[in-house]
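I opened my notebook to look up how the pieces of this structure meet. Here is what I wrote down, in the order I looked.

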Amino acid sequence: MDIHEYYRQAGNFHGHWCPGLAIGVRAAFEAGQALGTQMADRHNHIQCLAESSACWMDGIQFVLGATLGNGALKIDDTGKSAFNFYNPETGESLRYYLLELPRELPKSELIDYILTASLEEVFRRTPVHRPFPPRAEKSPELVCPLCGERFRSDKTRYRDGQALCPHCG
Ligand SMILES: [Zn+2]
Ligand SMILES: [Zn+2]
């Protein structure tokens, strides 16, 4: 499948076609090739740590099959338009930082630019910003002494020597 076809199908998933979606499709498409995954194999997950959340999340989810649900896509909000990708089998990783785009272009031309301009014109490639976070789901659960609800211990807030849930702490 070429990148235009990924973009077309990703729009069905996302609900509309937009430059943000194209950014996610392009980043995931390039990362999939650079890190050597077979993108048709949805069980061969490349992991992604996105540095902010926008329309591009759906492009990444569609192209790589790395989703919020299967835990291979996470957000570490640095407020930057940047994406860290990891191949957990080989240990390889890379980060794409989004460069300034020619936003004055009409929307369809801007989208075409994002999908087809040379990679160096769209992203700066750098070492990853941080390792992919371990699965928080494996942290043990605690019971909050105030509201009685169970919560993951990595979310504990401490107040007056009590280990409280994020709502009560
Ligand atoms: Zn969108
Ligand atoms: Zn509580």
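**Helix H2 and its neighbours**

I began with H2 and H4: Pro19, Ala22, Ile23 and Arg26 in H2 meet Lys107, Leu110, Ile111, Ile114 and Leu115 in H4. I counted two residues as in contact if their C-beta atoms, placed from the backbone, lie within 7 Å. I sorted this contact by class and got seven nonpolar, no polar and two charged residues. For the classes, Ala, Val, Leu, Ile, Met, Phe, Trp, Tyr, Cys and Pro count as nonpolar, Asp, Glu, Lys and Arg as charged, and the others, Gly among them, as polar.

A note on the source: this is a predicted model, where local features need pLDDT of at least 70, side-chain atom pairs count only at pLDDT 80 or more, and totals for chains, interfaces and linings use all residues. Residues are numbered from 1 along each chain as its sequence is written, while chains are lettered from A and ligands numbered from 1 in the order in which they are written.

Helices (H or I, at least four residues) and strands (E, at least two) are DSSP runs, numbered from the N terminus.

At what angle do H2 and H4 pack? I found about 10°, with the axes 9 Å apart. Axes are lines fitted to C-alpha atoms, for helices over the stretch in contact, and angles run from 0 to 180 degrees between N-to-C directions. H2 and H4 are therefore roughly parallel (angles under 35 degrees count as roughly parallel, over 145 as roughly antiparallel, 65 to 115 as roughly perpendicular and the rest as oblique).

Next I checked H1 (residues 3-14) against H2 (residues 19-34): they pack at about 130°, with axes 10 Å apart. That makes H1 oblique to H2. In this contact I listed Ile3, Tyr6, Tyr7, Ala10, Gly11 and His14 from H1, meeting Leu21, Ala22, Val25, Arg26 and Phe29 from H2. By class, the contact has eight nonpolar, two polar and one charged residues.

Then came H3 (residues 56-64), whose axis comes within 6 Å of that of H2 and crosses at roughly 35°.

**Strand S1**

I turned to S1 (residues 47-50) and found both faces covered: Gln47 and Leu49 on one side, Cys48 and Ala50 on the other, all buried (20 or more other C-beta atoms within 10 Å of a residue's own, C-beta atoms being placed from the backbone).

How many bridges join S1 to S3? I noted four, and the two strands run antiparallel. Gln47 has Tyr86 as its bridge partner in S3. S1 runs parallel to S2 (residues 73-75), joined by three bridges, and Cys48 stands opposite Leu73 in S2.

How values were computed:
A residue is buried if 20 or more other C-beta atoms lie within 10 Å of its own, exposed if 12 or fewer, and partly exposed in between; C-beta atoms are placed from the backbone. Two strands pair if DSSP finds at least two bridges between them.
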